[in-house]
Amino acid sequence: MLRFYTAGESHGQALLAFVSGLPASLPVSVAFVNHELHRRQLGYGRGGRQKIEKDKAEIFAGVRRGETIGAPIAIRIENRDWANWEKILPVEALPESGVGAAELKRLVAPRPGHADLAGSQKFNFHDARYVLERASARETAARVAAGALAKQLLREFGTEIASHSVQVGHVKLERAATWNEIWMANGDIESPLRCVDPQVQERMRAEVDAANTANDTVGGVFEVMVHNVPVGLGSHAQWDEKLDGRLAQALLSIQAVKGMEIGAGIAAAGSNGSEVQDEISYDKAARKFRRSSNRAGGLEGGITNGEDIVVRGYLKPISTLRTPLGTADLVTKEPIQAAYERSDWCVVPAAGVAAEAMVALVLADAFLQKFGGDSLPEMRRNFESYARQVEEF
């Protein structure tokens, strides 16, 4: 069983990721982890924080001489901005003479759409600072680092994951993208919004510019595709074993993601069954079942069916606005304008990278549950035996 969790605040000393359950002898490339962290920081419409942070992973447990050792892995990502917050958010108690409220950067004007108010009420804070520090999407850097380890496990079995932007604001890619297109877009570090169609991407860029000019933010839709997936991951037997349900939770846990879709799920809801189901045939030469289409998004009954997994995340616009909305003061309860914190105005490509990481973590766990093994060679033997079973079916 693969488990992971993260720790750390947006302006704290560092972000931490802990991963347990990876088999021993898995080759680990720290350079690849850092490449994934860099991808998360890219994208048109990012704010000033990305100019401060240069995310690098430091692995200080669980990996030795370039391979996992079967022990929990601990990763640290330094927050460079901590230097500006060390006196404001110290670990030790502040002296009673203390620092003024302005220097403490208290936040008493909760932002509509953010966790500020609900979190403050939950934990009985009359200052939303602690809530926003942990609720911030800065936390996804730790997830991306953990997901990079999961991706390296999946690659051992030929499975790859990539994402692209399907929609930014009102501008939408009106066709399906192929795996090769998405893979190429992922490899283009200079791509501003990671859209497979250059003309659509330019219209997306204009949409981001318009939002910035209006002191507003813009949301969108990203798509994650998983290529070369074996049949049989997940299960139909229990609700919490269904892989589509686990993927839904993974995507919806990402900050600002308010909806998700598998395959043609949304369009399928307004279609007839004969228009939706993917017809099945058998290729005798390849000794393999095939489907005429992939509207199921690679999942049937909570189980992978051998086609590419296709999931989409629907991202609302960021709730931090330079032209703030109305709110109520946490202390006085009087009307006030919502607080503004330095922020991005479009994060669709970055959210796609975070989603890749979450999908990788879910699938890596599904691989481990299916094929088991305390070491990578043992896991590979189990995988190859199962592959022969499927081929001989």
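Helix H6 (residues 140-155) packs against helix H12 (residues 348-371) at an angle of about 45°, and their axes lie 7 Å apart. Axes are lines fitted to C-alpha atoms, for helices over the stretch in contact, with angles from 0 to 180 degrees between N-to-C directions. The model is predicted: local features need pLDDT of at least 70, side-chain atom pairs count only at pLDDT 80 or more, and totals for chains, interfaces and linings use all residues. Residues are numbered from 1 along each chain as its sequence is written, and side-chain values use heavy atoms, with hydrogens and water left out. Helices (H or I, at least four residues) and strands (E, at least two) are DSSP runs, numbered from the N terminus.

H6 and H12 are therefore oblique to each other (under 35 degrees counts as roughly parallel, over 145 as roughly antiparallel, 65 to 115 as roughly perpendicular and the rest as oblique). Residues of H6 in contact with H12 (heavy atoms within 4.5 Å) include Thr140, Arg143 and Leu154, and those of H12 include Glu356, Met358 and Phe367. The residues of this contact comprise 15 nonpolar, two polar and three charged (Ala, Val, Leu, Ile, Met, Phe, Trp, Tyr, Cys and Pro count as nonpolar, Asp, Glu, Lys and Arg as charged, and the others, Gly among them, as polar).

In strand S7 (residues 160-168), seven of nine residues are buried (under 20% relative accessible area, 1.4 Å probe, protein chains only). S7 pairs with strand S9 (residues 220-227) in the antiparallel sense over eight bridges; pairing requires at least two DSSP bridges between two strands. Alanine 162 has methionine 225 in S9 as its bridge partner.

Note on methods: Buried < 20%, exposed > 50% of the residue type's maximum accessible area, 1.4 Å probe, protein only.
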